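Please read them with the model open.

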Amino acid sequence: MSIWIAGTVFTLLVLALLAACVRLVRGPSMADRVVALELVASILIGMMATYAVFYQVPQALDVALVLALTGFLAAIGVSRYLVHRAHRRSGTESNAGDTP
């Protein structure tokens, strides 16, 4: 991979990261923030993958894989929390076994 391609990819990923961080801070809802946080994790995975390919460091792909799994589990946990919180606010309490 040439330095121009790697530089362009990193620049675009940094711009996308800045836009996602703006959405993370501005919101407006908690669901928007969760989606923005998942996007930040995905962009960081792309940066790690680009780094691994450009500098020929295969261990960086392991780090990217762990980051992807952690981001996925965090998104599931936060969304379950948001669903549970919405049920509590609406007055329909649900048991843990009722949710799919």
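1. Helices (H or I, at least four residues) and strands (E, at least two) are DSSP runs, numbered from the N terminus. By that rule the chain holds 3 helices and 0 strands, and from the N terminus its elements follow the order α-α-α.

2. This is a predicted model, in which local features need pLDDT of at least 70 and side-chain atom pairs count only at pLDDT 80 or more, while totals for chains, interfaces and linings use all residues. Residues are numbered from 1 along each chain as its sequence is written, and side-chain values use heavy atoms, with hydrogens and water left out.

3. The radius of gyration, taken over C-alpha atoms, is 18 Å for the chain. A compact globule of 100 residues would be near 13 Å, by the rule of 2.2 Å times the number of residues to the power 0.38. The C-alpha trace spans about 60 × 30 × 15 Å along its principal axes.

4. Buried residues (under 20% relative accessible area, 1.4 Å probe, protein chains only) make up 18% of the 100 in the chain. Contact means heavy atoms within 4.5 Å. Of the contacts between residues at least 6 apart in sequence, 46% join residues at least 24 apart.

5. Which residues does Thr-50 contact, leaving aside its neighbours within four places in sequence? They are Val-9, Phe-10 and Leu-13. Thr-50 lies in helix 2 (residues 30-54), and counts as buried because its relative accessibility is 10%.

Methods
Buried < 20%, exposed > 50% of the residue type's maximum accessible area, 1.4 Å probe, protein only.
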